[in-house]
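Subject: Structure handover

Hello,

Here is the structure for you to look at. Please open it first, then read my notes below.

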Amino acid sequence: MDEARKRKWDITLGMFGPVLTVAGILVGVWQFNAGERNRTNLEYQLIEKKDLTEFRRKLWLERLSSYKSVAGLAGEIAAYPKPDNKFDQLVRNFDSSYWGLMVLVEDKNVEQQMIEFHLAIEDYKRKKITDEKLKQHADRLVQTCKESLKTGLFE
Amino acid sequence: MRRLFATWIIAVAFALHSLAVAQPRDASQRLAGQTHHVWVFQRIERIMGAGESCKRGEEDDFSADHSVTTTKCDNGKLVRTKRTWSMRNDGVDDWITIGGEEYQLLFGEEGRTMTLRKISTEKPKATVDKDYRRRSD
């Protein structure tokens, strides 16, 4: 290799060397940013999933508490079917849950049984059904609540 | 004495059997009886001497052969519709299907009144009751 050719190679390498270095640095920065972006996305997804699980758990606990309260009321109404002040008070409490608390948490099946128990109370008051049938409706409502709790946690 | 006692037993058994037959045991019997029962939703008011003309009313004639004829006053004329009925029990309530439409079935006053109920599927929507009285033949 003669001197002139060697010099030409030195110049060429001298020119491309920094370009390659800068390109290498840029690729490194891009890779780092992409990695960071992916990590952040994954973290967000994880947080989102955790929040959703937490929200479902809270909703389930809320549902459990509401169902317990309604089951208690239905039980008391069915066990104490005497048309007096106490009975009327129990029915009023049930009606409050019917139009309020339960609307927040009930699923379609529970809603249907709430409607049917609500009607059964009215029928019982008008002597259209016996206290035995009122008890059967209360039982079906509570059973439906139980089923709803079983499925609701894993939805 | 023994013969008298046996006769008395038979008489009591016969009386109890007659009572049991007279009071329909299940919903189908309450609805249609041995042959048929006419249930009045609204008494039909006919216009005298004008054939099938009427003012108002609706009656359902439920037959034991699971057919039902509805006679309804529609625009001043009596219109008759024949459909079939079937019944089921879900463990608590009786349900009747009349021509494809299902209703909850309730009896009152020892089978003298009946309610066909269309239960709403959402709380804010109203449940519709159709109250009938059995026509005494």
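Helices (H or I, at least four residues) and strands (E, at least two) are DSSP runs, numbered from the N terminus. Two strands pair if DSSP finds at least two bridges between them.

This is a predicted model: local features need pLDDT of at least 70, side-chain atom pairs count only at pLDDT 80 or more, and totals for chains, interfaces and linings use all residues. Residues are numbered from 1 along each chain as its sequence is written, with chains lettered from A and ligands numbered from 1 in the order in which they are written.

Start with the strands of chain B. Strand S4 (residues 77-89) pairs with S3 (residues 67-74) in the antiparallel sense, over eight bridges. Thr69(B) faces Lys82(B) of S4(B) across that pair. Two residues lie between the strands of this hairpin, and Asn75(B) has a positive phi near 50°.

S4(B) also runs antiparallel to strand S5 (residues 94-98), with five bridges joining them. Here Trp85(B) stands opposite Ile98(B). This hairpin has four residues between its strands, and Gly91(B) takes a positive phi near 100°.

Is S4(B) buried or exposed to view? It is hardly covered: one of its 13 residues is buried. A residue is buried if 20 or more other C-beta atoms lie within 10 Å of its own, exposed if 12 or fewer, and partly exposed in between; C-beta atoms are placed from the backbone.

Now chain A. It has five helices and zero strands. Its radius of gyration (taken over C-alpha atoms) is 35 Å, well over the 15 Å that the globule rule gives for 155 residues, so chain A is more spread out than a compact globule. That rule is 2.2 Å times the number of residues to the power 0.38. The C-alpha atoms fill a box of roughly 120 × 20 × 15 Å along the principal axes. Of the 155 residues, 21% are buried.

The largest nonpolar core has 24 residues, Phe94(A) and Phe117(A) among those with the most contacts inside it. Such a core is a set of buried Ala, Val, Leu, Ile, Met, Phe, Trp, Tyr and Cys residues joined through C-beta atoms within 7 Å. H4(A) gives the most to this core, seven residues.

Last, the interface. 11 residues of chain A contact eight residues of chain B. Contact means that C-beta atoms, placed from the backbone, lie within 7 Å. H4(A) supplies the largest share of chain A's side, six residues.

Best wishes

Notes. Two residues are in contact if their C-beta atoms, placed from the backbone, lie within 7 Å.
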